[in-house]
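Please read this briefing alongside the sequence and the coordinates of the model.

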Amino acid sequence: MEQFAFNHPHRHRPFDDVSPAIRRRAFGVDYLHLRGQQSGDLYLTRHGWSVLGSVVPSQWFTGDRLSKVGRQLAGATGAVYRMPVPHQASDRFALVVKFSRFAQQALVSMDPKEVRDWAERDRMEAPEFLSPFVEFGNLEALRADAGTRIRTQTPLAIYSPATRYLDWELGRISHSRWRYDRALADDQASQPEDARIAYEWERLYILLYRWIDGIDAEVAAEQGQLSETELVDFTHRSRRDLRNLGWDVLDHKPRHLIVRTRGEPPRLMQRSDQIPWALIDYELLMPYPATV
Ligand SMILES: Nc1ncnc2c1ncn2[C@@H]1O[C@H](COP(=O)(O)OP(=O)(O)OP(=O)(O)O)[C@@H](O)[C@H]1O
Ligand SMILES: [Mg+2]
């Protein structure tokens, strides 16, 4: 199990007071970079730094595997887990542990009824999953634009274990790597040379988010809390809200919308006649309208 030296003098310092030697910045997001005893890399966001004791890999990762308490999430096409971890103040604190699929083939289908714009459909046919640092960058930009209007999972950290894999084990398409490398190198050009981040293609990248309580809208419909028409309306309306803020999720769907219930029998929570919702899954979160 990889250990990080957390007792170093920075641990109780506020994020902004930590030594510049471990500060990193990528796509508009600030990180603190810790190196594990086996040379794994942990990049903590400001939010992640404040819950460091819950985020450190020894809480949820045993060597090459996730520790047993994790639950793989149903309905996922990738590898996504809910991991309960200890937290100073909350006994319900849990992480979403998501293995980045960047540079892998993204298969996204679109209902023909949804196609209004064929150029958009073509983009959908050949989407690329965001790389880890762009995913956090886009998400933080959306959070800044949305304020309290749209809730999201809080991005906590990016962890890259030291283990190296063969190309075929990770399924990354070699001819798409240069685009990711170039985007990151362009972004990092403004950083001091010894603080630049680069992707290592033989390694895994794991994104850590804070779990949001609730159920996805598809489950809410299955449980009878939303009718079929309400579900369709809600899905369209939420996409419109996102687009009005300048963002879009290419595979926008009810499973990516989290709602909350209350009472027995459970009823959907409402706020001034609207259903408050949270967005999950940012691997295809792009600016809207698309810039290319
Ligand atoms: N905070 C949450 N609350 C409730 N359910 C959740 C939450 N986070 C994830 N899930 C469930 O886990 C599923 C998988 O998560 P996610 O969409 O991130 O995985 P994915 O592999 O990217 O799936 P897809 O390919 O469908 O986008 C979600 O569709 C949802 O049903
Ligand atoms: Mg997804």
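This is a predicted model: local features need pLDDT of at least 70, side-chain atom pairs count only at pLDDT 80 or more; totals for chains, interfaces and linings use all residues.

Residues are numbered from 1 along each chain as its sequence is written, and chains are lettered from A and ligands numbered from 1 in the order in which they are written.

**Overall fold**
- The protein contains eight helices and 18 strands, taken as DSSP runs numbered from the N terminus (helices H or I, at least four residues; strands E, at least two).
- With a radius of gyration of 20 Å, close to the 19 Å from the globule rule for 292 residues, the protein is as compact as a globular protein of that length; the radius is taken over C-alpha atoms, and the rule is 2.2 Å times the number of residues to the power 0.38.
- The C-alpha trace spans about 55 × 45 × 35 Å along the principal axes.
- Of the 292 residues, 30% are buried, a residue being buried if 20 or more other C-beta atoms, placed from the backbone, lie within 10 Å of its own.

**Helix α4**
- Helix α4 covers residues 132-146, and its buried residues include F133, F136, L139 and L142, as well as E135 and E140.
- G147, which follows α4, has a positive phi, near 55°.

**Ligand 1**
- Ligand 1 is surrounded by 19 residues, the closest being L73, A76, T77, G78 and R255, where a residue is near if its C-beta atom, placed from the backbone, lies within 6 Å.

Notes: A residue is buried if 20 or more other C-beta atoms lie within 10 Å of its own, exposed if 12 or fewer, and partly exposed in between; C-beta atoms are placed from the backbone. The expected span of a helix is 1.5 Å times one less than its number of residues.
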